[in-house]
Amino acid sequence: MKYAPKSLTPYVSARHYFGSELRRHREEVRMSLVQLADIVNSSKSNLARVETAEMMPPPELPSALDAAFGTGQHFHGLYQLAKREVHPDQYRRFMDLEAQAEAIEMHDSQVVPGLLQTREYAYAHLRCEEGLTEEQVQERVNARLSRQEPRPDRTRAFRWAIIGEAALRRPVGSTECMYKQLASLLAQVDTPTSRVQVMPFSAGPYLLMTGTLILLTLPDGSSMAYEESFGVSHLYEGWDTVKRWRREYEMARANALSLAESAELIRKAMEEYQSCDTPPN
């Protein structure tokens, strides 16, 4: 069966246009993906994904393409536009990338990250949004929990979470809900596939305290950053920007409590919620 290349949509975004121009120039000189991969020191699969806008062009690719096709700074210019734009359907793209990731590093200063939430906690959190019907809330809860399911090959990404102390102290749902959520967190503090650190109030202010950050590392070694604050989110794939967010994450990791200290603080918070359910003598 003859291979049929995936159709392109060049006018959706600068990234899509970059991919369509890559294919156009490649086909004009009758060069296969394998041949071009050898010339620009890439892989066939990565070039195919760049052509279909499924992958942000690596920083070194534009100049290599310009050299290969003799196009001056054509691809360099397209890359400057592509790396600055907001990707269409970026949350859907983030979900696709998260499902592929080998490592997921999370930070949230106010709530337990979605990948670590129990069903009861997720329900209580999502109910805060006005205008949702009960059915819509349940749909969103199921969607959030589906992100925690193992892949078809039964493997899970390695997860590292930094959680603000406020997420432990602020009740979301009942005290029983919080106790069970913290018990679930405690079980994931130090395992072969997960780490959890707490950023204590005593650490003072830091850049990431105003929002949510998720860093993804894919099997090919590439990294993405997904940053979210109230009503605004952005998926970053350019290495220069991802590197900046990773530096902030590493600083937060260094200032957070150790795994043992984090586990102890979670235990203390659990005891406080447990005492709230204990009737006075």
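Arginine 169 is partly exposed, with a relative accessible area of 28%, and in this predicted model its side chain forms a salt bridge with glutamate 272. The closest N and O atoms of that pair are 2.8 Å apart. Arginine 169 belongs to helix α9 (residues 165–169) and glutamate 272 to helix α12 (residues 259–276), so the contact ties together parts that lie 103 residues apart in sequence.

**Salt bridges**

- How many salt bridges does the structure hold? The count is 18.
- As background, side chains of opposite charge can pair when their charged atoms come close.
- Glutamate 272, the partner of arginine 169, counts as partly exposed at 41% relative accessibility.
- Salt bridges with shared partners link Glu105, Arg246, Glu250 and Arg253 into one network.
- Glutamate 129 and arginine 140 meet through their side chains in a salt bridge, at 2.9 Å from N to O. Glutamate 129 sits in the loop between α7 (119–126) and α8 (134–146), while arginine 140 is in helix α8, so this pair ties together parts 11 residues apart in sequence.
- Both ends of that pair are partly exposed: glutamate 129 has 42% relative accessibility, and arginine 140 has 39%.
- Glutamate 28 and arginine 24 form a salt bridge too, with their closest N and O atoms 2.9 Å apart. Here both residues lie in helix α1, four residues apart, which is about one turn of the helix.
- Is glutamate 28 buried or exposed? At 53% relative accessibility, glutamate 28 counts as exposed, whereas arginine 24, at 38%, counts as partly exposed.

**The sheet**

- Seven strands make up an open sheet with mixed pairing, in the order β3-β4-β2-β1-β5-β6-β7.
- Which strands form the edges? They are β3 (190–191) and β7, each of which pairs on one side only.
- Strand β2 (residues 158–164) is mostly covered, as six of its seven residues are buried.
- On one side, β2 pairs with strand β1 (residues 103–108) in the parallel sense, over six bridges. Alanine 103 stands opposite phenylalanine 158 of β2.
- Strand β2 is also joined to strand β4 (residues 194–199) by six bridges, and these two strands run parallel. Isoleucine 162 has glutamine 197 in β4 as its bridge partner.
- Strands β5 and β6 run antiparallel and are joined by six bridges. Leucine 215 has alanine 225 in β6 as its bridge partner.

**Helix α3**

- In helix α3 (residues 44–51), the buried residues are Asn46, Leu47, Arg49, Val50 and Glu51.
- What do these buried residues pack against? Their neighbours are α1 (14–28), α2 (33–40), α4 (61–69) and α6 (90–100).
- Alanine 53 follows α3 and has a positive phi, near 65 degrees.

**Cysteines**

- The number of disulfides comes to zero.
- For reference, a disulfide is a covalent bond between the sulfur atoms of two cysteines.

**The largest pocket**

- The largest pocket holds about 1,200 Å³ of space.
- It is lined by 33 residues, and those closest to its centre are His125, Leu126, Arg144, Thr212 and Glu228.
- Which elements give two or more residues to this lining? They are α6, β1, α7, α8, β5 (212–217), β6 (223–229) and β7 (232–236).

Notes. Residues numbered from 1 in each chain as written. Predicted model: local features only at pLDDT ≥ 70, side-chain atom pairs only at ≥ 80, totals over all residues. Heavy atoms only, no water. Buried < 20%, exposed > 50% of the residue type's maximum accessible area, 1.4 Å probe, protein only. Pairing = 2+ DSSP bridges. Contact = heavy atoms within 4.5 Å. Disulfide = S-S within 2.5 Å. Salt bridge = Lys/Arg side-chain N within 4 Å of Asp/Glu carboxyl O. 1 Å grid on protein atoms, 1.4 Å probe; cavity = no way out; pocket = protein on both sides within 12 Å on 5 of 7 lines; lining within 4 Å. Points joined across faces, edges and corners; volume = space filled by probe spheres on them.
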